[in-house]
Structures are given as structure tokens and as C-alpha cells.
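Here's a quick briefing on one chain of a modelled complex. Take a look at the fold first, then read on.

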Amino acid sequence: MIYFDNSATTPCLPEAGAEALKYMTSGYFNPAAAYAPAVQTEREVNAARAAILSEISREPGDLIFTSCGTESNNTAIFGSLAAMRGKGRVIASGVEHPSVYEAAIALREQGYDVVFAPVDETGKVRLDGLAALINGETRLVSIMHVNNESGAVNDISAIRGLIKKASPDCLLHVDGVQAFMKMPPVPCDLYSVSGHKLHAPKGVGALYVKKGVKIRPYLVGGGQETGLRSGTTNVPGIMAFSFAVHDFAAHRDEYVSGMAEVKNRLYSNLSSIRDVKLNGPEPGSGAPHILNVSFMGVRGEVLLNALSERGLMVSTGSACAAHKRGRNRILNAMGILGERQDGAIRFSFSHFNTVAEADAAAGLIEEQVNLLRRFRRR
Amino acid sequence: MEKVLLVRYTEIHLKGLNRPYFERALIDNMKRSLRGLSPVIEREQGRIYVRGISEENFSEALDRLTRVFGIHSISPAVSVDKDWETVVGAALGLMEKRLEAADAGTSFKVFARRSDKHYFMNSDQINKELGGRVLNRFPSLHVDVHKPEIKLSVEIRESAYVYCEEIPGANGMPTGTAGKASLLISGGIDSPVAGYMMAKRGLTLSAVHFYSYPYTSERARDKVVELTKLVSRYAGEIKLFLVPFTDIQMTIYEKCPEKETTVIMRRLMMRIAERIAKSEGALALITGESLGQVASQTLEALCVTNDAVSMPVFRPLIGFDKDEIMDIARRIGTYETSILPYEDCCTVFVPKHPVTKPKLDELRASEASVDFSGMIEKAIENTEIMTVK
């Protein structure tokens, strides 16, 4: 099987899985308990926290462990606004993940002035468009670091500069689920990450909270995570996450350049098929692991099914949106419509993928695209 | 005191000498529906009594019976000794419970029936006597003999039955009493409703689904299995035939005129379904077609499709609007599954401008220009069969 859907989830590193098992079977203590082995577990969790934190930000702050990227995004958005006085403007981009986009829609119903920033044809937030939206009443801006469907990378430093100029108290939240470890850290107030996109198990995520930023907790109870996220600490998930982060950090250049090589190879192979259109930034300038192309005259879902039968796993859009009927919100915002939207396929890579896989995949795709084009709507 | 479900049945009583046959079928279906709940089912004077259901399973049993065709209504009743004070006690207890509901109402009427003619009061006396006791106990109520909001029924038989609720059943005829037919099931809204409606008239169903592996997904297949399962909650066990259809579709698409592809595809589907139906002992086909809904459901297209088979084709939705079909789908619980967005075999290969008024001669000629027989045999041979219940 060739797995090119790593933006949906990644295989867990066996060693990260072993680490989780260790903390389920021998280091299983509740870090909130008082006896010595529990204290030891707590120390290990805190060491993991510090290690992951150091990869997210160079500015002082805290890391709250959560259950997933969605919880991190929801906590960042609802939690930070709940800790502020009054309601003002909230800005998100039009291509955010549903866990940000739907949160913004919910805020609008609560009476916030919610506006969506425009993106260019690659899915990158337009700075001029964003600048025009930021006013003195703006409380929160939420912009993703890397777009999960197109691989576009936002210029977070520039965005932060815009915000500080126009509304100094406004917070910047960055959904870093697709970018974490693959892109250099960016300055912001809140940053969301998720373990399973990085070869840790599902069920663990984290939210970076810059020093001084206030959050009102959504889950209350035992007061874990300095009171910001109650619930028994997910020690196995956290320790596996930490392992995966260590592993990535130790091989970063190799991993990132490996993914980029697979991506570039696949794109150059696919470019030889006629009527293929790139959706997103030129491969050299986007995130190293996401490639989105349209095969004109072919329906993405049909091609996906045909490829799946031949052992190649790809996606027609974010797995979180694939169950929803209707048109693709992200591609709509990028101005990719009609036949080009219908034929869009996203490929996403991990360091486990190889150039040989890219070659084999391109062969399968070409064969199926040519076959299906014979049956296109004439 | 024992809790009993008192079941009234539908037009079976019209069936003259065949009546025992229908009653037996209904009781068998009720037993099947209540499997695992250890029911004791008895038939008596035009009613069916279900006893032996434990307290915790009572509402589950009631719910299942509302999906058994042939049942007109169901009353959860208590059965008590005929001693008058015991009867009154049971009636007051039931009324008390009934009045807990916010919309219970304030008017009532007692309906007494006495088949035990040796009982010391007649029906009229029971009505008056019990009515008085209810009024004493619940002074906020009043009697309304014309339009009572609460109907308190007392039946004096070998023992006494008291109830004040009548829950509508699924009506129709007992499944299996009308023979067997094969439903062509897609993944859409209409075909499960069509299957439901014909099962309601007493048919046992089998179902035939065509899929375009690998171009339709595993989820599309799971969806059809799930829809069949939802229909089987009413229709009982359904044998589902999953027919691989990709080769035939691709051949049609490559060799026949493009605008005719949909109608030819439907003719071949009907042919294969008829073959499967015959092998199953089914005497008719069922489709979810509705006149004029899409290009392949115009009168002309239906004539051309019909021409492919000799069996009767039942189209219970033929005169229904989409909205009406959707209402039934929601009521029987298939709607939410039907609208899951997966490509199905009819949407994978579809012409942009299908012919809306196909001519039978032309279609026959186009179809005859290709030899489909080998492909049809192969599709039937590779059909997967599963029992869904």
C-alpha cells in the first residue's frame, strides 16, 4: 500500500507506541497522586511539556495538553474570548479547518462581529485583505500556519505585525496542526498542535499559550494543566507525543527534505499527464508535505475509489470535511470551481514515503485518469 | 396484576375463510419481531394479547410492534382479577400515570365491555360506577361522552383488562401473506420507501443492488446494507444481492450512443434483477420510480425500461411528489442514511444530456448491437449474497 494521506493522520512510530504502552503498564501512575512513583511520572510529563513547548515557541509561555487539534483550536478561540470583557470583532481566514471555521460561526451567533479574511488562488491569506479588516475593536485573529488542503504557508510574522499596529491588545491564534515541526516556529499568542499528524497516537494534542494570555477553561474539575484543562492527564499519549517530537527534531532536515523530494517528484511525474492543474503554491514554495492537483474531466471521488482499490490512498479534501455534502469551501475560497474543483486530489506525505512510491503512484494515477477520461461526461 | 399488550389488527377481518391464515402469519411475525423478549402470544375474539414481557422490556416490545405490518393499534393494558375494587384500583392507578403527562387533557370517558355476561354489573353500570370513582379521585377532570381526551377502557373477560392509551400500528397486511418480490435498491431516498410500501401490503422482499466497484466506495456499499437493514425492521429478513456492474456500464458507455446510456443501463439492470427474482421464487419487481422525477422516469423511458422484462413491475411511488416520498423516508427512519453523499453506480457514469423521450425501436437496436449476454452471466455469477435482518 502507498499511503499519501498523511495530513489526515500518520502511522504511529512503533517506538512512540512502545513508549505509550510503557506508561500504561509500568509508569501508569496518576501524576496528580502524592506518592513517589506518581511524582516521578509528573516530572516526566513536565519534561515532555518543556520539550514540546521549546519546539513551538521561543517566547515564554505554557503548554496545555488537550485531546486533539480540534480541542486546542476550540479552547484557544472560545477560551481566550471568554476571558475578555465585552464582544468585538473576530477575524479568521475563509480556509480554516472546520474546528476554527465552525467556532467562528458559533461566535457570530453569540453576537461577535465575525469576518473572514480573503485568500489568494493558492490558499494563502492576502495581507492587504486582512489589513483592511483589522480595526480597534478586533479581539482575536485566527489564521492557520499551513493550509491543510493546498499546502500554502501563511506569513505569520507579517500578520502579527499588522495586528500589533492596528489593535495592540488583539490576540493572534495560529492553527499549527499541519505545520508543527515541519515549519520554523512563528511568533503568536496561541498555537495549536496535534500528536497524530506527527506519528504519535490519536487522542493527544496541545495548545501553546503565551505568557500573560488569559484563557477561561472549558473543562473544569480536578484542576489539571494549571486549571486550564481538567481531566486525568493522558500520560501515555503525552509521552508518545514527546517521543515523536524528539524523533522528528533529531532528523528534521532529513525528514523535511525527504517529504519535499517525494512531493516534487510526484508533481513532476503528474505534470506529464495532460490537463493537470496545480491547486496551491508552486511545489518549491509551499509546505513540504502537501500537494493538491486537479485532473480535469475526472471526478475526484471516483478516481480516489479506483486508486484505493489499487493500493494508493489519497484524499479529495480534508478528512474532516470529506463526509460533508456540497462543494469544497477551501477550494471555493481559492476560486477553484467547477470541473477543476470536482477533479481535485490532495496528496500528503510523511518521511516514510519514498521517491519510488511517487513513481509507482504516478503510474497508477496516469492509468486511471486515462481510463476514466474515456467515460467523462461529454 | 400483569402488564399486557393488547393488539388490534387491520383488514384481516375482511378475509373470510382465509382469516386464520392471515392471523397465523401475523402472530408469527409478531413472535419474530419480539425475539429475545420471551413473549407469550394468544389470539382471542379478534384480538391478540402479548404477555410475559418483563417490565424493563415493555417499551422496547411496544416499539417493535409498531413496525409489524397488519397491526392497527396497540394498547398497553393491565390485566387484573375481576374483583371490582381491584379493577377500580388498577383504573385509578393508570389514570394517575396518564395525568402525569403535560398534554393529558381534562376530559375523559369510560368505555366498558363485558364479554363475561355473569359479571354482577353490565357495561352501562360499569361506565357510571367507574366514572364516578374517577371523578371522586381526580376532581379536576370532567366527563365528555362525545370527544373525550382520555379514553379509559375496561374489558371484563376471563379476567379484567384496563387501559387508556391506543398507539397506532403500522397497518397494512402481515408480511409474507402476499408472496415475494425483488426490490431494486440504490443508495437513494426512493427505493427504500418503495420497498417499505410493498412490504406493507404483505410482500416478502429480496433486494438487488448494482455497484460499480472500484469506482464506488466501500462506504456506498455499507450504506446500501444499512438501508436494507432499516427496511428489514419493518419487512423482516431481506436477502440482498450485490451485483458487480462496472464491466457492463463501461461497455454501454463505450459502445452505445451516449444519450441512451442511462436507459440501456436500466434495461440491463431490470433484466438481471428479473433473473435473480426468478431464481428466488419472486413474482414481481419493485422500483422507486416516480413519474417524471428524472430523465429516466418519463413515461417514454418507463415504457422502454418495462419492455426489458416480463414480470410485473410495482412502482408504489409513481404518483408521489419528492416531498411526499421524503416525508415517508423520515417517518420510517431511512432518510438520514439515504442522504449520505457517496457516488453510486448511477452517478459514476452518467451522460450530460440523457434522452428523455427514448424510442423503443431505437433503444432495442442500440442494445442489440452489443452482445451483453456473457457480461450478464458473469455479473450474476459474481453476485454477492447476504442476509440482512
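In chain B, 81% of the contacts between residues at least 6 apart in sequence join residues at least 24 apart; a contact here means that two C-beta atoms, placed from the backbone, lie within 7 Å. Keep in mind that this is a predicted model, where local features need pLDDT of at least 70, side-chain atom pairs count only at pLDDT 80 or more, and totals for chains, interfaces and linings use all residues. Residues are numbered from 1 along each chain as its sequence is written, while chains are lettered from A and ligands numbered from 1 in the order in which they are written.

**Confidence**
- Chain B averages a pLDDT of 91, with 97% of its residues at 70 or above; pLDDT is the predictor's per-residue confidence, from 0 to 100.
- For the complex, the predictor reports an ipTM of 0.75 and a pTM of 0.84.

**Overall build**
- You'll find 14 helices and 15 strands in chain B, counted as DSSP runs (H or I, at least four residues, for helices; E, at least two, for strands).
- Along the principal axes, the C-alpha atoms of chain B fill a box of roughly 85 × 35 × 35 Å.
- Of the 389 residues in chain B, 42% are buried, i.e. they have 20 or more other C-beta atoms within 10 Å of their own, with C-beta atoms placed from the backbone.

**Two domains**
- Chain B is assigned domain 1 (2–168) and domain 2 (180–388), with bounds from an automatic or database domain assignment.
- The C-alpha centres of domain 1 and domain 2 of chain B sit 43 Å apart.
- Where they touch, four residues of domain 1 of chain B contact six residues of domain 2 of chain B.

Terms used. Buried ≥ 20, exposed ≤ 12 C-beta atoms within 10 Å, placed from the backbone.
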